[in-house]
Amino acid sequence: MIAGRTRAAAPERPLTMTPPDIPTDAVLAQLVDAARAARAHAYAPYSRFQVGAAVLDDAGRIHAGCNVENAAYPQGTCAEAGALAAMVLAGGRRVRAVAVVGEGAEPVTPCGGCRQKLREFAAPDVTVVIADSQRERARHTMDQLLPASFGPENLK
Ligand SMILES: [Zn+2]
(Lines give C-alpha, C1' and ligand atoms only; values in the text may rest on other atoms or scores of the structure.)
Protein backbone atom coordinates (compact mmCIF):
# COMPACT_ATOMS: atom_id res chain seq x y z
CA MET A 1 0.00 0.00 0.00
CA ILE A 2 1.20 3.47 -0.82
CA ALA A 3 2.11 5.46 2.26
CA GLY A 4 -0.51 7.99 3.17
CA ARG A 5 -3.23 6.14 1.32
CA THR A 6 -5.63 4.03 3.28
CA ARG A 7 -8.33 3.62 0.65
CA ALA A 8 -8.27 3.00 -3.05
CA ALA A 9 -9.61 5.91 -5.07
CA ALA A 10 -13.11 5.45 -6.47
CA PRO A 11 -13.03 4.37 -10.10
CA GLU A 12 -13.65 7.04 -12.68
CA ARG A 13 -17.22 7.10 -13.89
CA PRO A 14 -17.34 7.21 -17.68
CA LEU A 15 -19.71 9.81 -19.06
CA THR A 16 -21.07 7.33 -21.58
CA MET A 17 -21.20 3.58 -21.78
CA THR A 18 -19.21 1.68 -24.39
CA PRO A 19 -20.48 -1.52 -26.08
CA PRO A 20 -19.34 -4.07 -23.47
CA ASP A 21 -21.22 -2.05 -20.86
CA ILE A 22 -24.48 -1.85 -22.82
CA PRO A 23 -26.87 -4.60 -21.71
CA THR A 24 -28.48 -6.81 -24.34
CA ASP A 25 -32.24 -7.10 -24.72
CA ALA A 26 -31.99 -10.56 -23.14
CA VAL A 27 -30.37 -9.07 -20.04
CA LEU A 28 -32.95 -6.29 -19.93
CA ALA A 29 -35.67 -8.96 -20.05
CA GLN A 30 -34.07 -10.66 -17.03
CA LEU A 31 -34.03 -7.31 -15.27
CA VAL A 32 -37.75 -6.83 -15.94
CA ASP A 33 -38.46 -10.34 -14.66
CA ALA A 34 -36.58 -9.54 -11.45
CA ALA A 35 -38.58 -6.34 -11.02
CA ARG A 36 -41.84 -8.27 -11.57
CA ALA A 37 -40.83 -10.84 -8.95
CA ALA A 38 -39.92 -8.06 -6.51
CA ARG A 39 -43.25 -6.33 -7.09
CA ALA A 40 -45.02 -9.40 -5.73
CA HIS A 41 -43.37 -8.66 -2.36
CA ALA A 42 -44.39 -5.00 -2.21
CA TYR A 43 -45.85 -3.77 1.08
CA ALA A 44 -48.50 -1.33 -0.10
CA PRO A 45 -51.53 -1.73 2.18
CA TYR A 46 -52.52 1.95 1.87
CA SER A 47 -52.19 2.80 -1.80
CA ARG A 48 -52.44 -0.78 -3.11
CA PHE A 49 -50.02 0.50 -5.72
CA GLN A 50 -47.36 -2.19 -5.90
CA VAL A 51 -44.07 -1.43 -7.60
CA GLY A 52 -40.98 -3.52 -8.24
CA ALA A 53 -37.62 -2.31 -9.45
CA ALA A 54 -34.33 -3.92 -10.39
CA VAL A 55 -30.91 -2.55 -11.22
CA LEU A 56 -28.08 -4.21 -13.13
CA ASP A 57 -24.70 -3.45 -11.58
CA ASP A 58 -21.26 -3.20 -13.17
CA ALA A 59 -20.50 -6.82 -12.26
CA GLY A 60 -23.61 -8.03 -14.12
CA ARG A 61 -25.54 -8.72 -10.94
CA ILE A 62 -29.22 -7.90 -10.56
CA HIS A 63 -30.54 -6.27 -7.37
CA ALA A 64 -34.25 -5.84 -6.79
CA GLY A 65 -36.50 -3.89 -4.49
CA CYS A 66 -40.17 -3.22 -3.84
CA ASN A 67 -42.06 -0.30 -2.36
CA VAL A 68 -42.53 -0.39 1.40
CA GLU A 69 -45.30 1.87 2.69
CA ASN A 70 -45.73 3.11 6.22
CA ALA A 71 -48.70 4.24 8.31
CA ALA A 72 -46.77 7.51 8.65
CA TYR A 73 -47.00 8.01 4.90
CA PRO A 74 -43.81 10.00 4.17
CA GLN A 75 -41.72 7.26 5.77
CA GLY A 76 -42.53 4.84 2.99
CA THR A 77 -39.84 4.01 0.47
CA CYS A 78 -39.94 3.41 -3.26
CA ALA A 79 -38.95 0.21 -5.03
CA GLU A 80 -36.00 1.91 -6.70
CA ALA A 81 -34.58 2.94 -3.32
CA GLY A 82 -34.78 -0.66 -2.14
CA ALA A 83 -33.01 -1.95 -5.25
CA LEU A 84 -30.24 0.64 -4.88
CA ALA A 85 -29.78 -0.21 -1.21
CA ALA A 86 -29.44 -3.90 -2.09
CA MET A 87 -26.86 -3.06 -4.75
CA VAL A 88 -24.79 -0.91 -2.43
CA LEU A 89 -24.95 -3.54 0.30
CA ALA A 90 -23.60 -6.09 -2.20
CA GLY A 91 -20.73 -3.78 -3.12
CA GLY A 92 -22.13 -2.48 -6.41
CA ARG A 93 -21.39 1.14 -7.24
CA ARG A 94 -22.50 1.54 -10.83
CA VAL A 95 -25.91 0.98 -12.42
CA ARG A 96 -25.84 -0.24 -16.02
CA ALA A 97 -29.61 -0.60 -16.49
CA VAL A 98 -32.85 -0.14 -14.55
CA ALA A 99 -36.26 -1.81 -14.74
CA VAL A 100 -39.40 -0.52 -13.03
CA VAL A 101 -42.64 -2.54 -13.00
CA GLY A 102 -46.07 -1.29 -12.01
CA GLU A 103 -49.65 -1.42 -13.24
CA GLY A 104 -51.64 1.52 -14.52
CA ALA A 105 -53.13 3.27 -17.50
CA GLU A 106 -49.88 5.19 -17.85
CA PRO A 107 -46.41 3.63 -17.71
CA VAL A 108 -45.06 3.66 -14.13
CA THR A 109 -41.88 5.71 -14.37
CA PRO A 110 -39.61 6.50 -11.39
CA CYS A 111 -40.77 9.42 -9.23
CA GLY A 112 -38.69 12.57 -9.21
CA GLY A 113 -36.85 11.65 -6.04
CA CYS A 114 -35.93 8.23 -7.40
CA ARG A 115 -34.67 9.72 -10.64
CA GLN A 116 -32.09 11.61 -8.59
CA LYS A 117 -31.33 8.55 -6.44
CA LEU A 118 -30.70 6.49 -9.58
CA ARG A 119 -28.58 9.24 -11.11
CA GLU A 120 -26.08 8.89 -8.28
CA PHE A 121 -25.05 5.52 -9.71
CA ALA A 122 -26.26 5.68 -13.32
CA ALA A 123 -24.67 7.58 -16.19
CA PRO A 124 -26.99 9.74 -18.35
CA ASP A 125 -27.10 7.13 -21.13
CA VAL A 126 -28.22 4.26 -18.89
CA THR A 127 -31.45 2.61 -20.09
CA VAL A 128 -34.54 2.59 -17.87
CA VAL A 129 -37.13 -0.01 -18.93
CA ILE A 130 -40.71 0.54 -17.80
CA ALA A 131 -42.97 -2.51 -17.79
CA ASP A 132 -46.13 -3.96 -16.32
CA SER A 133 -46.95 -7.55 -15.50
CA GLN A 134 -47.47 -8.39 -19.16
CA ARG A 135 -45.22 -6.30 -21.36
CA GLU A 136 -42.67 -3.56 -21.74
CA ARG A 137 -44.38 -0.16 -21.78
CA ALA A 138 -41.59 2.32 -22.39
CA ARG A 139 -37.85 2.73 -22.56
CA HIS A 140 -35.98 5.89 -21.58
CA THR A 141 -32.44 6.96 -20.82
CA MET A 142 -31.58 8.52 -17.48
CA ASP A 143 -30.94 11.76 -19.33
CA GLN A 144 -34.48 11.74 -20.73
CA LEU A 145 -35.93 11.18 -17.25
CA LEU A 146 -33.66 13.71 -15.54
CA PRO A 147 -32.24 16.16 -18.09
CA ALA A 148 -29.32 18.44 -17.25
CA SER A 149 -28.94 16.49 -14.03
CA PHE A 150 -26.71 17.15 -11.06
CA GLY A 151 -24.56 14.13 -10.28
CA PRO A 152 -21.38 12.97 -8.56
CA GLU A 153 -19.28 14.59 -11.30
CA ASN A 154 -20.37 17.98 -10.01
CA LEU A 155 -18.58 17.40 -6.72
CA LYS A 156 -15.20 16.32 -8.13
ZN1 LIG B 1 -39.65 6.99 -6.05
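These legends describe close-up views of one predicted model. Residues are numbered from 1 along each chain as its sequence is written, and side-chain values use heavy atoms, without hydrogens or water. Local features need pLDDT of at least 70 and side-chain atom pairs pLDDT 80 or more, while totals for chains, interfaces and linings use all residues.

**View A. The largest nonpolar core.** This core holds 22 residues. A nonpolar core is a set of buried Ala, Val, Leu, Ile, Met, Phe, Trp, Tyr and Cys residues joined through side-chain atoms within 4.5 Å. Val55, Leu84, Val95, Val98 and Val126 touch the most other members. At least two residues each come from strand S1 (52-57), helix H2 (79-89), strand S3 (95-101), strand S4 (122-131) and helix H4 (142-145). S4 gives the largest share, five residues. Helices (H or I, at least four residues) and strands (E, at least two) are DSSP runs, numbered from the N terminus.

**View B. Around Val98.** Contact means heavy atoms within 4.5 Å. Beyond neighbours within four places in sequence, Val98 contacts Leu31, Ala54, Val55, Leu118, Val126, Thr127, Val128 and Val129.

**View C. The zinc ion.** Its protein donors are Cys78 (SG), Cys111 (SG) and Cys114 (SG), 2.2 to 2.3 Å away. Donors are N, O and S atoms within 2.8 Å of the metal (3.2 Å for Na, K and Ca); water is not among the atoms, so sites may look incomplete. The donor spacing is C-x32-C-x2-C.

View D. Cys78 is partly exposed, at 32% relative accessibility. Cys114 is buried, at 2% relative accessible area. Buried means under 20%, exposed over 50%, partly exposed in between (1.4 Å probe, protein chains only).
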